[in-house]
Amino acid sequence: MKKLILIMAMIITQLCGWEINTHRAIDRQALKASINLAKFVENAGIKNQNYDDEWFDGYGMTYLKYIEDGEEDGISNRKWKQLFIKVDLPSYQKMIEAGAILEDAQWPANHTISESIKQGDGRFVNHFYDAQDGGRGLNYLGFQFQNVLDWGKVGKGKYPYFITPGLELSIEPILLSGYDNDYSYDLAYEYFDLAFSLKDTSERKRYQAKMFVTLGHLMHLMNDMTSTAHTRGDAHAEGDPMEVWGRGGIDGKVLIGYRIVGSKLKNYLKDNENHSFIQTGVNKYDKFDDFITKEAEWTSTHFFSKDTIFKKPKPSKEQIKKVKQTDELGVFGGVKKFYYVYKNSVDGIPKGTKLAIHIESYTTLSLAATVITKDWMGMDDTTKFKGDYSVLEDNAAILLPRAIENAKNFLNYFFRGSMKVNSTDEVVSVINDSNENLVASPSVVTFKNGTLKFYCDDENDNRSEFHSEDIVEVTTGDEIASVAKDTLYAEFKDKGCSTGKNVTILYDGTIGSERGLSVIVISASDIIPSNDGGGDDSGDNTDDNNTGGDTDNGGGADNDDGSENGDNNATDPTKDPNKVCVSNYFKYYGDGKIHETLKKGDKDAELYSDGTKHQVKELQEFLQAFGYDVGSSGADGWFGSDTESALMDFQSANGLDADGIVGPNTRDAMNSQNCYDK
């Protein structure tokens, strides 16, 4: 039995669709184009998150290390499968690319064929969906594997089985097709939840990375639904023409190893990057299954694969005509070459698109002239007409844009739910801010039968849930929930959370017809009632006359006469006639306009639209003047993490609560140091 397993394992390593670099290039284009993905990372506050140290579960190495280093030396000496693809920046985009690569990868696994040989898994045997045979998965050498929908959606492993009548023989659990898939659609949402709800910050970060990597795995599966071999039950163990062409096959010789990053298809994508390459308005679906099944059906019924030319109901001979290209005939015979092309435009595919090459070889050496015909896709498998990749180029011109569009629309679907927060003096309102134009219909972004949870962090970034709301049904643009600040803040304080941290709002329930999640991160100051002093970082803010804290209106309520209590009766040095202040930021200008607070995320372009000055930039200049580092970008007018850190250092040095927010107390402290007596 082990001999059979080893033979099977060696054969199925060729069962790939798009070449691995092409997967990466397709999905990189999709990442750039996904509006909902960009909005998600912005709302979640993780746009610039670093995932350099995140581990690939079960394989003892980081995602980035594997992608850079490939399979470890000495593992059955199969170095041809090494992936010398450098992922330079450990960003969320690169995590998605990691998944797109690793879904086809063969990495060291925890099970063995023998003591000396470890066998990588066989994820790729589960990448098939024969749309013209009931969605059947790969059937090869009598073994039936699960289809891509079973593999990608739920991820429950099924051992392949031998289908000879009267004999049921399951392959031993050597191939991962017999193992559960840790990177399935259902689990992607589980990782989404854990990425924002877990107590420990390092665990949250780990699951953020795993969520993004899982999306890459899923996008790879969707890419394969625009690969003809994968949608027509074509095992292509000897190599698929499109894959060989994409990898850089020359005269029928596959260049061993995946070291060729600049493959033909990757360059094809690059060449078309600035053209109208990505289609719009097609294949927006209202449930996950359709991104697999409907794309597979479209590909299967419109194109051939190498071993299925005219062996499926579609494309039909009625749709296609044979066009002579050239012939070479002599006394003893010769060769005629034709293209199979579409007679008319079909579902957006242009008239004349090439689908296959037909060769007729004539010989008159025998007593009776014979004709040998052959249909092929463009591989160099004849002695004549070498290097004709025009069929593959025509296929790629249609299928590559479709692959990008499908992957992009899937990302828009996965992150279809979006929220925004309106904070008034007394109430925090959460709004369904989803974009119905990026999905199949407005109903796809309706929140219903879910829970809205509020999380806060303590000084050590330990996260706790402090409030929740049950949600029935909310269409886009409508209010999901409205909660009194008094209620939120009281529960917030009970958990011992820090006002210098953020509040994470997480929805988990149904969005459209399937499970969906949405997250938005706001400043803790946004939930503090206007009649509260803002409090210190311990969360024990029971005194409205608190001397610390710079959230909201900072040091307490205003009296009717305009003076402030709860702020140690601090005065504004800029109004002292006996002082001169050198910083324009800290003055009150003209009509008295000045922002109550400045906090992380603020930027001048938004702040001075109402007539105020470049306050963030001048804050940064002040901090720099007093020796605080605001980051490599210097005084750029953007209140980011480096500016926040510098401000907190200033606050600590001056006996203030280090909440990273410029309010009345901090502003007065700065003015007192930035002014001198006349």
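This is a predicted model: local features need pLDDT of at least 70, side-chain atom pairs count only at pLDDT 80 or more; totals for chains, interfaces and linings use all residues.

Me: How is a pair of aromatic rings described?

Reply: In general, one gives the distance of the centres and the angle of the planes. Here the count comes to 29 aromatic pairs. In one of them, Tyr185 and Phe410, the ring centres are 6.4 Å apart and the planes stand at 55°, so the pair is tilted.

Me: Which helices hold Tyr185 and Phe410?

Reply: Tyr185 belongs to helix H7 (residues 185-197) and Phe410 to helix H13 (residues 390-414), so this pair ties together parts that lie 225 residues apart in sequence. Tyr185 is buried at a relative accessible area of 3%, and Phe410 is buried at 0%. Tyr189 and Phe414 form a stacked pair, with 4.3 Å from centre to centre and 10° between the planes; as Tyr189 lies in helix H7 and Phe414 in helix H13, this pair also ties together parts 225 residues apart in sequence. Tyr189 is buried, with 1% relative accessibility, as is Phe414, with a relative accessible area of 1%.

Me: Where does the charged end of Lys322 sit?

Reply: The charged end of Lys322 sits over the ring of Phe338, 4.8 Å from its centre, while Arg206 lies over the face of Tyr207, at 4.8 Å from the ring centre.

Me: Is Gln620 buried or exposed?

Reply: Gln620, in helix H16 (residues 615-625), is buried, with a relative accessible area of 0%. Leaving aside neighbours within four places in sequence, the contacts of Gln620 include Val630, Asp636, Trp638 and Thr643.

Note on methods. Residues are numbered from 1 along each chain as its sequence is written. Side-chain values use heavy atoms; hydrogens and water are left out. Helices (H or I, at least four residues) and strands (E, at least two) are DSSP runs, numbered from the N terminus. Buried means under 20% relative accessible area, exposed over 50%, partly exposed in between (1.4 Å probe, protein chains only). Contact means heavy atoms within 4.5 Å. Rings of Phe, Tyr and Trp (its six-membered ring) pair if their centres lie within 6.5 Å; planes under 30 degrees apart count as stacked, over 60 as edge-to-face and the rest as tilted. A charge sits over a ring if NZ of Lys or CZ of Arg is within 6 Å of the ring centre and within 35 degrees of the ring normal.
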